[in-house]
Amino acid sequence: MSATTPGLIPQGGALSLPPTFVNDDESIRSWLLTTDHKRVGILFFVATALMMALGGAFALVLRIEHLTPERTIVDALAYNRLFTMHGVVMVFLFMIPAIPGAFGNFLVPIMIGAKDVAFPRLNIASFYLYFVGAVVVLIAMQAGGLDTGWTFYTPYSVQSPSAVVPTLMGLFIVGWSSILTGLNFIVTVHTMRAKGLGWMRMPLFVWSIYGTSIIQVLATPVLGLAVALVAIDHGFDWGLFDPARGGDPVLFQHLFWFYSHPAVYIMILPAMGVVSEVVCTFCRKNPFSYRAIVYSTLGIAFVGFLTWGHHMFVAGLSVFDAGAFGILSMLVGIFSAIKVFTWVGTMYRGSIAFKTPLLYVFTFLFLFVFGGMTGIAVATTSLDVHWHDTYFVVAHFHFIMVGGTLTAYFAGLHYWFPKVTGKLYSERWGLLAAALVSAGFFVTFFPQFLLGNAGMPRRYYDYPPEYQTLHVISTVGSWVLASGMLITVGYLFWALKSGQDAGNNPWHSASYEWLTRSPPPPHNFDDTPVFASDPYDYTETGATQR
Amino acid sequence: MSDAGAEHLDHFQDLEQQAHAARLGIWVFLASELLLFAGLFALYASYRAHYPEAFGWGVEHNVRALGTLNTAILISSSYAVATSVHMLRRGRPRFAAGLLVFTLACGSAFLVVKGIEYAGHFRDGVFPGGHGEFFVGKPEGVKVFYTLYFLMTGLHGIHVVAGMGVLAWLFARILQGKLTPPHTHPLDIGAVYWHLVDVVWIFLWPIFYLTPGTF
């Protein structure tokens with residue numbers, strides 16, 4: 001907008017500060033048509049945060065429904081629709097785009113000293129593809145009431161009289177967004193690094209986004225194909241997965257999990273990148289082994305493609321195939337353990353600053369190890385036959401997805417809040433909310449392990465009365481979890497409006513994104529950045545160089 | 001994209017970096033496209049293993065001459081587009097543009113031949129999903145074969161059309177004088193995409209035309 005001069009704006013009386021990416025041009029139009037990766041990141045953040053709130057609201061209703069056996073507040077059909085919407089929204093519209101789309105977009109170019117991502121217009125196009133796809137999915141599910149579960153298993157998904165076709169079309173569009181985001185990051189990391197910034201000096205968050213992007217680019221098209229085939233089968237009756245016409249419904253499961261298993265690494269790898277950054281900054285130490293984290297990131301990205309069969313142990317896999325998929329799945333556990341030991345080793349004899357991001361990381365470590373160990377358990381064929389499709393599996397993946405990814409998401413949110421906004425949030429409220437989220441999470445999902453082991457199947461509306469106590473505990477936990485999140489929303493908004501100025505580097509971090517101002521200028525750096533020291537150099541000489 | 005040939009976009013340091021990013025970008029995109037087709041090839045392999053006789057019979061029923069003609073057309077077009085890249089780099093834009101016209105003509109010819117084939121199928125009562133009188137009394141594998149045939153050649157056909165769109169746009173850019181050395185990498189990208197179209201067909205050709213019978 002031309003009403004204000006883009007450039008110097010008066011602040012705090014006579015002082016004139018150089019422009020930041022926020023106040024350089026404040027018109028709505030400049031935000032909606034932006035090609036600035038930082039603004040695209042914020043658009044992604046706002047959209048995905050709304051999706052998290054929506055998916056969380058669905059989950060709260062589901063939990064309330066389970067306070068009593070049979071009907072509590074919704075009928076069985078509404079229950080089926082709710083768990084489908086919860087899954088679809090949380091997986092495809094929140095978890096997958098959230099950290100890469102929001103934090104990745106904001107930080108990766110800054111961390112490698114670039115002015116922007118390689119293809120800025122593709123970047124904003126990727127956001128709008130996500131936006132349009134998400135709107136289509138939400139309208140379809142609201143109007144048509146999808147009841148297939150987020151996995152869309154054939155043959156039911158082909159026959160379900162609900163809005164299968166428009167929902168899958170929306171997901172197809174969201175998939176394009178994911179592919180283009182991944183493509184952009186791969187090319188950006190390869191070609192846009194500042195002079196002198198070698199691969200083995202990149203911040204670990206960049207590595208994790210890079211590994212994630214490879215999965216996004218290579219796995220997402222297969223999901224696109226799978227959902228398109230189901231939509232075609234549903235719409236035109238082509239019967240490719242219909243046994244009555246020679247099709248095999250299990251082949252859909254293969255295609256679906258070829259994407260949807262690596263997709264959990266799309267969710268957890270960026271979270272691991274956040275943890276690496278937070279641990280180093282708040283323990284003021286270089287990582288115990290930088291290379292171990294890098295190689296285990298790439299290892300997870302690679303092996304993740306070879307594990308999909310462990311979702312199908314009861315779908316008629318041969319004993320040999322099941323065993324092979326089980327062992328390959330356990331390799332992921334080894335790579336993850338390498339990371340966990342490295343993070344803990346980093347903390348050892350570090351100078352620990354016990355702030356909100358680090359508390360979230362402690363929660364992450366506990367829940368992620370817990371979820372990971374149960375993952376090894378369900379990757380064991382003989383055990384999985386007992387736990388398959390029970391609450392045990394539900395608890396397992398929520399420990400990874402919520403206990404892992406979501407806590408890391410909150411760690412990153414608090415860690416980079418001053419970077420993005422230039423403001424400080426209230427540490428006291430932050431720690432309180434983190435404690436509530438951590439405790440609430442555990443109370444919600446730990447009983448679900450017990451429920452599953454006792455035989456409670458997932459996605460069931462009704463249950464025998466002996467399961468009620470554990471269901472009630474789980475539901476109460478969900479309220480604690482939700483209250484922690486609501487408090488977070490409250491104090492972060494307050495901080496945004498009237499928080500203290502953070503200065504450029506409130507955490508005294510050595511990582512590259514803190515070398516520039518907070519909030520960063522429109523082109524990220526006022527001068528051409530020189531990354532003289534390592535991003536995790538907390539030695540005396542390293543500190544004096546900056 | 002800036003209008004003057006040798007200029008680069010603001011966020012790049014120089015044209016070389018911009019061209020590098022663009023070239024890497026298209027290869028990453030092709031990797032993604034490859035996995036899209038790979039899913040269908042996996043379905044084909046799986047169903048062919050399940051219905052060997054029906055698939056062998058289906059391949060025999062397709063017109064091998066037309067499939068082979070289309071292969072020849074696409075390979076010629078790929079040669080033309082590669083030569084076009086070479087000519088543009090050598091500073092001969094009119095020659096390059098002419099070769100693109102030839103490539104587009106090949107693409108159109110491919111679609112015409114494919115259309116003739118489809119018309120023949122429809123006349124015989126062969127429609128995707130096992131619909132049509134052709135399938136009465138035929139084993140189920142034949143239905144799956146033709147559903148996959150229409151899916152895979154159809155998806156490939158969409159890519160042919162998209163590739164022709166890209167090449168037509170590049171043709172216009174060349175005529176407007178907007179692609180001159182050293183700013184020639186957009187044509188590289190269009191050409192690489194066109195090669196993908198060609199390569200996918202080179203794999204569709206044997207599985208739908210050349211391999212009758214069972215193994």
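So, contacts in chain B of this predicted model: if you take the ones with a separation of 6 or more, 76% come from residues 24 or more positions apart. Now, which elements are behind that chain?

Okay, over to chain A. Here we get 16 helices, plus two strands. Run the contact count for chain A, again at a separation of 6 or more, and residues 24 or more positions apart make up 83%. Of its 546 residues, 55% count as buried. The C-alpha trace of chain A spans about 75 × 50 × 45 Å along its principal axes. Does that go with a compact globule or against one? With it: for 546 residues you'd expect a radius of gyration near 24 Å, and chain A comes in at 23 Å, which agrees.

Last bit, where the two chains meet. Chain B puts in 26 residues and chain A puts in 28. On the chain B side, the elements giving two or more residues are helix H1 (15-50) and helix H5 (140-175). Which one gives the most? That's H1(B), with 16 residues. As for what chain B shows to chain A, the residues on that side split into 12 nonpolar, 11 polar and three charged.

Key. Residues are numbered from 1 along each chain as its sequence is written. Chains are lettered from A and ligands numbered from 1 in the order in which they are written. This is a predicted model: local features need pLDDT of at least 70, side-chain atom pairs count only at pLDDT 80 or more; totals for chains, interfaces and linings use all residues. Two residues are in contact if their C-beta atoms, placed from the backbone, lie within 7 Å. Helices (H or I, at least four residues) and strands (E, at least two) are DSSP runs, numbered from the N terminus. Ala, Val, Leu, Ile, Met, Phe, Trp, Tyr, Cys and Pro count as nonpolar, Asp, Glu, Lys and Arg as charged, and the others, Gly among them, as polar. The radius of gyration is taken over C-alpha atoms; the globule rule is 2.2 Å times the number of residues to the power 0.38. A residue is buried if 20 or more other C-beta atoms lie within 10 Å of its own, exposed if 12 or fewer, and partly exposed in between; C-beta atoms are placed from the backbone.
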